[in-house]
Amino acid sequence: MHRQIPSNGTQQQGDDQLTADKATIIGLSLAIAMSSAAHADTLQNIIDKGEVAIGVKADFAPWGMRDTNGNVVGLEIDLANDLARKLSEQAGKEITARTVVVTTSNRMEFLEQGRIDVLLATMADTPERRRVVGILQPSYYSSGIAVLAKKDSGIVGWESLDGKSICGIQGSWFNKDYGLKNGAEMVVFAGNAEAEAALLAGRCAGWLYDDASFRARLQSNPEKWADYTIATPVVADAPWGAGVRKQDLAAPIAAAVSDAITEWHKSGTIVELEEKWGLGASDWVLQMQEKCLAEDPICDSVRDDSE
C-alpha cells in the first residue's frame, strides 16, 4: 500500500492546527478555572457588592406573595432580609437583600446561572435536586403533599383521583408520583395563581400541591375556601432546604447561610414568623427548635450527601 508523504507545507499546516487545538484546549481550561474561581468565594463577592441576591417565590402565600402595592412579601422574604442582616453583622458593613422572584420550574436554573446567590423558595429537599444544586443543612421548614378539592368533588383519598382532572404546577416532582400514578389526568400550570383560578372555576376536580399552602389558604380566607377541604391524607412530608450553587457547598456562603438557619431555629424566629403570617406553630418547627438547642447533629452545617 502506497502512503504519500506530505510535503513540508502540509506538515507545517498540521503542526499549526495542532498548536491551535492545544491553545483552544488550554484556553477553555483557563476559562473553566477562572469561572470556578469567580464562584470560589461567593460570600466575598456579596460583601464587595454590598448585596445578596436571594431567589424567592411570589405565588406561594404566605411564604412569598405580592401585597396590594405589588411588593413581594411573606415569611421567606422576612427570612431573606434577616439573612442579609446577619451577613451585614459578619462583614461589618451593610449588605442588602435583593429578592429575585423565581418559580418552581426555574428556581434551580436561576441559581445555576448565577442570577441569584441563595435560594429561599419553598424547595423540598430531594435526592434529585441535590444532584443539581447545593441544598443546605439544617432545613428551615417542612411540608407534605395533598389534594385540595371541593367537599362534594368525590375525592376522598388518593385512589379516588382515578379519571379526574387534577390541577398541578409545572416542574413539581409529585405530579407523576401522586397524580399520574393514581390515574389522575394532570392539568399543569406555570404558577399557583393559574392553578388556583382553574380550581375555583371548576376546570379541575382538585389541586395537587403542598399541604402547607393549602393550610394557609384555609386559615387566612375561610369564607373563600368554605366549600373546600384537604381531601387526601398528607404524604411525602419533606423538609425545605435553602440552596446555593453546587460549587458553593464547601464555600463560606454555605456556612453563613447554614449558621443563620440554625440560629432561626434556636431563637424561635421561625415560630414567630409562623404566628405573624397566620400559620400557627407547626410541630416540625417546634421539634427543630428543641433539636437545635440540644445541638442535635441534624442542625450541623455539614450535610451528608450519601442519603
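**Before you start**

The model is predicted, so local features need pLDDT of at least 70 and side-chain atom pairs count only at pLDDT 80 or more, while totals for chains, interfaces and linings use all residues. Residues are numbered from 1 along each chain as its sequence is written, and side-chain values use heavy atoms, with hydrogens and water left out.

**Stop 1: strand 1**

Select residues 51-57. This is strand 1. Strands (E, at least two residues) and helices (H or I, at least four) are DSSP runs, numbered from the N terminus. Six of the seven residues here are buried, so strand 1 is largely enclosed by the rest of the structure. Buried means under 20% relative accessible area, exposed means over 50%, and partly exposed lies in between (1.4 Å probe, protein chains only).

Pairing requires at least two bridges found by DSSP between the two strands. Zoom in on Ala53: Arg98 of strand 4 stands opposite.

Pick Gly55 to find its bridge partner, Leu119.

**Stop 2: the disulfides**

A disulfide is a covalent bond between the sulfur atoms of two cysteines. Here the rule is a pair of cysteine sulfur atoms within 2.5 Å. The count comes to two.

Select Cys167 and Cys204. Their sulfurs are joined at 2.0 Å. The link is right-handed, with 90° about the S-S bond. Cys167 lies in strand 8 (165-169) and Cys204 in the loop between helix 7 (192-200) and strand 10 (206-210), so the pair ties together parts 37 residues apart in sequence. Cys167 is buried at 0% relative accessibility, and Cys204 is buried at 6%.

Move to Cys292 and Cys299. Their S to S distance is 2.1 Å. The torsion about this S-S bond is about -90°, so the disulfide is left-handed. Both Cys292 and Cys299 are buried.

**Stop 3: the cores**

A nonpolar core is a set of buried Ala, Val, Leu, Ile, Met, Phe, Trp, Tyr and Cys residues joined through side-chain atoms within 4.5 Å. The largest has 65 residues, and Trp63, Tyr140 and Trp207 touch the most other members.

Which residues does Trp63 touch? Leaving out residues up to four places away in sequence, its contacts (heavy atoms within 4.5 Å) include Val73, Leu75, Tyr141, Trp240 and Leu279.

Finish at a second, separate core of 11 residues, with Ala53, Val102, Leu111 and Ile135 among them.
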